[in-house]
Amino acid sequence: MNEDRVSHQRPLEQCRTALLVAILTVGLVAAGCGSSSNSSTSTTAALTKPQFLKQGNAICKKGNQQINAAAQKLFGKKNKQPSKTDATKFATDTLIPSIQSSINGLKALGAPKGDEAKVNAIVTSAQAALDKFKKDPALVASNTAHPFKQSNKLARDYGLNVCGSAGA
């Protein structure tokens with residue numbers, strides 16, 4: 001998502017965009033990671049890349065739908081920018097847990113054979129971005145550079161298009 005475009009969107013769209021970008025990015029990054037051990041893949045049988053992409057994008061789509069529904073419920077009828085407090089609460093209660101769930105779901109898929117390094121790079125980048133939100137949930141309300149920019153790019157380049165682009 002173009003950062004300049006985000007800053008000119010309506011308040012609901014800004015919040016939704018930030019949330020979607022976060023979920024999509026996190027979902028992609030998580031796909032390559034396995035357990036919390038040093039292994040970069042899960043212990044499940046490896047999926048083919050097309051299977052991985054189909055299932056990974058489905059995980060991200062579900063997460064996006066959950067975030068969109070919660071954002072619409074909380075911010076949909078407001079005609080002004082959500083307060084920093086509201087945005088932070090939304091990040092803490094909805095965005096962060098949903099993104100982490102997407103990451104965990106992608107991790108459980110296991111990376112396709114031969115693509116472990118690529119998927120691990122996506123997952124590592126997304127988890128690092130999510131960790132920034134965990135440390136400072138108020139980042140959701142800011143118009144600064146988005147922490148998921150790099151992980152989104154990695155995800156899109158790999159083929160996780162739903163996970164790597166906001167509004168998908």
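Counting pairs of cysteine sulfur atoms within 2.5 Å, which is the definition of a disulfide used here, gives one disulfide. The structure is a predicted model, in which local features need pLDDT of at least 70, side-chain atom pairs count only at pLDDT 80 or more, and totals for chains, interfaces and linings use all residues. Residues are numbered from 1 along each chain as its sequence is written, and side-chain values use heavy atoms, with hydrogens and water left out.

Begin by selecting cysteine 60 and cysteine 163, whose sulfur atoms are 1.8 Å apart and form the disulfide. A disulfide is a covalent bond between the sulfur atoms of two cysteines. Turn to the S-S bond of cysteine 60 and cysteine 163, where the torsion is about 100°, so the disulfide is right-handed. Next, colour helix 3 (residues 49-75), which holds cysteine 60, and then the segment after helix 6 (149-158), which holds cysteine 163, so that the pair ties together parts that are 103 residues apart in sequence.

Show the surface now: are cysteine 60 and cysteine 163 buried or exposed? Both cysteine 60 and cysteine 163 are buried, where buried means under 20% relative accessible area, exposed over 50% and partly exposed in between, with a 1.4 Å probe and protein chains only.

Finally, select the whole protein chain, which has six helices and zero strands, these being DSSP runs numbered from the N terminus (helices H or I, at least four residues; strands E, at least two). Of the 168 residues in the protein chain, 46% are buried.
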